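Dear colleague,

I am handing over the structure below, and my notes on what was found in it follow. Please read them with the model open beside you.

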Amino acid sequence: MASTARRPNGENISSSRRKQNKARRMNDTVCPTASSDPTNFCFVCKKGGVPLFQCSRCQSFFYCGKTCQTKHWKEGGHEQNCPVHVYLNKDFQVLFKLNRDGELPVLRLLDSSADAQVHRVAGNKLFAERDFRGALESYEKAISHWDCVRGQITKNTADIECWMGANLARIHSNCCVCHLEMDRAKWMGAGLLPPELLRDVPLDKIPLHDAKLIIADVRTNGLQRSKSRRKVSLSAALEAAKTALESSQLWWKSNYRFAQVTLLMVEPKEAMKFLEHAKRGANEEDSDVQYNIVSEKKSAIKTIESLESQVKMVLMALNETYKEKESDEEQKEGSIQKYLDANMTKIG
């Protein structure tokens with residue numbers, strides 16, 4: 001049995017490196033660009049009149065040094081609450097800009113939105129852990145709290161609605177993904193995922209919007225049967241995607257998510273239309289009142305183009321058969337079968 005490497009003081013070297021890496025990551029969250037304004041003070045020790053360092057993630061707390069920042073991170077709960085403050089800081093910046101006439105109850109709105117953002121962050125954590133059912137429950141609680149936020153507004157404007165829509169669209173978009181992921185097992189049971197593919201690829205690694213899967217389903221079951229079964233299976237995801245789109249048509253992913261679901265429903269023309277809207281949204285620098293679209297533009301365009309290539313594959317497979325202008329639905333399905341038999345290779 002191999003012995004564990006240790007330092008002269010007896011400390012496990014690998015354990016020591018893990019501690020150093022964790023400390024380094026924590027130190028990276030302190031940004032040395034904060035103000036030295038004497039009216040500011042350290043959140044932990046309340047020391048003022050000294051250069052202060054700002055948490056670079058949420059930008060909501062100031063510290064006189066790494067000792068106080070570490071104490072707040074470990075003992076003050078900031079490790080868990082920092083993601084919440086990231087959202088609240090964005091909310092504050094937007095509300096401050098919108099409060100031109102001073103009639104907006106900014107602090108009261110922030111207090112109300114804080115409850116929503118707490119559930120949203122909890123949902124994000126469960127989502128990352130692939131607990132999609134638990135994430136969905138947290139997101140639904142967050143959505144209900146946004147209704148309370150709306151109740152706090154006495155003078156509503158388009159900008160206020162845009163701010164709330166920016167938050168709600170992202171939550172509903174995540175709800176859509178949760179429904180899709182939760183339905184994977186149902187898809188397999190319904191025969192929507194080819195069994196030969198599942199022999200080589202784990203179920204949770206299969207991209208459901210892969211064109212080869214959609215075309216294989218049409219090939220096996222026929223166009224109309226495939227559409228009707230998918231419509232039932234995707235009803236919850238479609239509803240979440242619609243709500244995201246209604247909440248914010250300006251955000252590129254609202255359109256992208258709707259395109260993703262409509263492609264899964266074997267409606268490639270509809271999917272292509274919304275991908276065009278997504279492209280325009282990703283290229284608009286000021287299209288979202290809350291989030292910096294420019295910062296995600298490169299990755300957004302890449303994501304859109306990736307889905308667009310899948311849509312084009314399905315369009316090509318289906319549109320070739322429509323050129324024959326067959327009026328009988330069964331003949332259409334037969335020609336699709338013939339086309340796929342002649343042109344499609346084995347899925348893999």
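Which residues does Cys-64 touch, not counting residues up to four places away in sequence? They are Cys-42, Cys-45, Val-50, Pro-51, Leu-52 and Phe-53, where a contact means heavy atoms within 4.5 Å.

Before going further, please note that this is a predicted model, in which local features need pLDDT of at least 70 and side-chain atom pairs count only at pLDDT 80 or more, while totals for chains, interfaces and linings use all residues. Residues are numbered from 1 along each chain as its sequence is written, and side-chain values use heavy atoms, with hydrogens and water left out.

Cys-64 lies in the loop between strand 3 (62–63) and helix 2 (66–74); helices (H or I, at least four residues) and strands (E, at least two) are DSSP runs, numbered from the N terminus. With a relative accessible area of 23%, Cys-64 is partly exposed, a class that falls between buried (under 20% relative accessible area) and exposed (over 50%), computed with a 1.4 Å probe on protein chains only. Cys-45 is 19 residues away from Cys-64 along the chain, and their C-alpha atoms are separated by 8.1 Å.

His-78, by contrast, is buried, with a relative accessible area of 2%, and has its place in helix 3 (residues 78–98). Leaving aside residues up to four places away in sequence, His-78 touches Cys-55, Cys-58, Phe-61, Tyr-63, His-72, Trp-73 and His-85.

Turning to the chain as a whole, the protein has 15 helices and three strands, and buried residues make up 43% of its 348 residues. Of the contacts with a separation of 6 or more, 60% are between residues 24 or more positions apart.

Two of the helices, helix 4 (residues 106–128) and helix 5 (residues 132–151), pack at an angle of about 170 degrees with their axes 7 Å apart, the axes being lines fitted to C-alpha atoms over the stretch in contact and the angles running from 0 to 180 degrees between N-to-C directions. Helix 4 and helix 5 are therefore roughly antiparallel, a word used for angles over 145 degrees.

Helix 9 (residues 211–221) is mostly covered, since eight of its 11 residues are buried, among them Leu-213, Ile-214, Ile-215 and Asp-217. At the start of helix 9, a side-chain oxygen of Asp-210 reaches to within 2.9 Å of the backbone nitrogen of Lys-212, and just after the helix Gly-222 takes a positive phi of about 90 degrees.

With best wishes

Note on methods: Angles under 35 degrees count as roughly parallel, over 145 as roughly antiparallel, 65 to 115 as roughly perpendicular and the rest as oblique. A polar contact is a pair of N or O atoms within 3.5 Å; within protein, one must be able to donate a hydrogen and the other to accept it, and residues adjacent in sequence count only if both atoms are side-chain atoms.
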